[in-house]
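Dear colleague,

Please find below the structure that I am handing over to you. My findings follow directly after it.

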Amino acid sequence: MTRPGSPNTGGDQRTQTLERTQTDRPRLWRVLLLNDDYTPMEFVVSVLSRYFRRSEQDARLIMLAVHHKGQGVAGVYTRDVAETKVAQVSAQARREGYPLRLVAEPEAGE
């Protein structure tokens with residue numbers, strides 16, 4: 001006698017269907033640097049290179065966008081990573097006496 005839950009040993013052929021669950025991609029967040037009149041441009045470039053792994057050229061282009069447009073995208077990350085980068089860079093700026101502001105916001109269209 002076959003008990004429920006035990007392997008089928010009789011001639012009865014059963015097929016087991018495995019359902020695949022689809023995992024949604026996590027929502028992405030943009031880290032924005034905001035312009036101020038006090039933080040030196042070179043500090044912004046160094047932060048972009050160190051914390052956001054930007055090349056010297058990319059860091060300068062982002063810094064100029066911040067300077068001319070009021071803000072620039074430092075990078076796009078998952079929420080936890082974005083918030084961590086905001087906290088790290090903000091702390092570094094405060095240690096050095098700069099009022100640099102960063103924000104993390106959800107990517108548009110998601």
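Read along the sequence, the chain follows the pattern β-α-α-β-α-β, with three helices and three strands. Helices (H or I, at least four residues) and strands (E, at least two) are DSSP runs, numbered from the N terminus. This is a predicted model, in which local features need pLDDT of at least 70 and side-chain atom pairs count only at pLDDT 80 or more, while totals for chains, interfaces and linings use all residues. Residues are numbered from 1 along each chain as its sequence is written, and side-chain values use heavy atoms, with hydrogens and water left out.

The three strands form an open antiparallel sheet in the order 2-1-3; two strands pair if DSSP finds at least two bridges between them. Strand 2 and strand 3 (101-106) are the edge strands, each pairing on one side only. On average, neighbouring strands of this sheet are turned by 25° against each other, direction ignored. Strand 1 (residues 28-34) and strand 2 run antiparallel and are joined by seven bridges. V31 has G75 in strand 2 as its bridge partner.

Helix 2 lies across strand 1 and strand 2 and runs at about 125° to strand 2. Axes are lines fitted to C-alpha atoms, for helices over the stretch in contact (heavy atoms within 4.5 Å), and angles run from 0 to 180 degrees between N-to-C directions. Of the contacts in the chain with a separation of 6 or more, 72% are between residues 24 or more positions apart.

The loop between helix 1 (41-52) and helix 2 (56-69) contains R53. R53 has a positive phi of about 55° although it is not a glycine. Most residues other than glycine have a negative phi. R53 counts as exposed because its relative accessible area is 71%; exposed means over 50%, buried under 20%, and partly exposed in between (1.4 Å probe, protein chains only).

Buried residues make up 28% of the 110 residues in the chain. The accessible surface of the chain comes to about 8,300 Å², 48% of which belongs to carbon and sulfur atoms. Accessible areas come from the Shrake-Rupley method with a 1.4 Å probe; for residues, only the protein chains shown count as cover.

V76 lies in strand 2 (residues 71-78) and counts as partly exposed because its relative accessibility is 35%.

Yours sincerely
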